[in-house]
Amino acid sequence: MLATTLIVIAAYLWGAVPSAYLAGRYLKGIDIRRYGSGNLGAANVMDHVGRWTGFGLGVFDTVGKGTLPVIAAGLMGQSLAVQALAGLAAIAGHNWSPYVSFTGGRGVATSIGVLLGLSMWWEMLTGALMIGIVGRLLTRETAVWTLISALALPLLAYLYGEPHELVYMSAGIAALLAVKRLTANWEPPQDEYSLLRVLGSRLLWDRDAPHRAQWTSRRPPSDEEG
């Protein structure tokens, strides 16, 4: 029991490393949470720090934060349930980091890394088809299809015959991603929109503003004036 607790805490603290915040602070001298979506993730870093920096960050968030804790737990001889808990803890740490006032990323890349570490290949492929083919190529809107993929993950895990530990973990991933969308980074809703409208927009489109470009191009007032 003690070993399980320590592994889960370590996975949480490791997943919570605010890599996007550090990249923005040390490479551009900015707080990336005040730019664009405010998300501490690869996409926002690509937009406001640099494309290659964002790409490298995405790899780290996926493999470093998501895959590594799961594999480490397995190498230590822990059960599949503990490996799954380590994966969920890493995602939670990335989403709500204690190092930066419990702000963080959306957890999508880290979730993919967890699935990778647990060899959930068919779930990953199905999600990639939903997001990449249907979301980006056909509808030009990946946010809602990312949500659909997350919510479908437990059902996919069940249909693909995964152990019950991974089915439960998949439900946990869906819940973590949905709650993160709703809470964002604790940013209060804009005055011109009702709370219900903002929450609905956050859940479906992963933003407060009606248009994506309006949301991702935001900058602090002082930066705009400069």
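Me: How many helices and how many strands does the protein chain have?
Reply: Happy to start there! This is a predicted model, where local features need pLDDT of at least 70, side-chain atom pairs count only at pLDDT 80 or more, and totals for chains, interfaces and linings use all residues. Residues are numbered from 1 along each chain as its sequence is written, and side-chain values use heavy atoms, with hydrogens and water left out. Helices (H or I, at least four residues) and strands (E, at least two) are DSSP runs numbered from the N terminus, and the count for the protein chain is twelve helices and zero strands.

Me: Why is the protein chain said to be as compact as a globular protein of its length, and what is its radius of gyration?
Reply: The radius of gyration is taken over C-alpha atoms, and the globule rule is 2.2 Å times the number of residues to the power 0.38. For 226 residues that rule gives 17 Å, and the chain comes close to this, so it is as compact as a globular protein of that length; its radius of gyration is 17 Å.

Me: What share of the residues counts as buried?
Reply: Buried means under 20% relative accessible area, exposed over 50%, and partly exposed in between (1.4 Å probe, protein chains only). Among the 226 residues of the protein chain, the buried share is 48%.

Me: How many salt bridges does a search of the whole structure find?
Reply: Side chains of opposite charge can pair when their charged atoms come close. A salt bridge is a side-chain nitrogen of Lys or Arg within 4 Å of a carboxyl oxygen of Asp or Glu. With that rule, the number found in the whole structure is three.

Me: Which helix holds both K65 and D61?
Reply: These two residues form a salt bridge, with their closest N and O atoms 3.7 Å apart. K65 is buried at 2% relative accessibility, and D61 is buried with a relative accessible area of 2%. They sit four residues apart, about one turn of the helix, and both lie in helix 4 (residues 51-75).

Me: Which residue meets R106 in a salt bridge?
Reply: The N to O distance in this pair is 2.8 Å. R106 lies in the loop between helix 5 (80-95) and helix 6 (108-117), while its partner is in the loop between helix 10 (195-205) and helix 11 (212-216), so the pair ties together parts that are 100 residues apart in sequence. R106 is buried at 10% relative accessibility. The partner, partly exposed at 21%, is D206.
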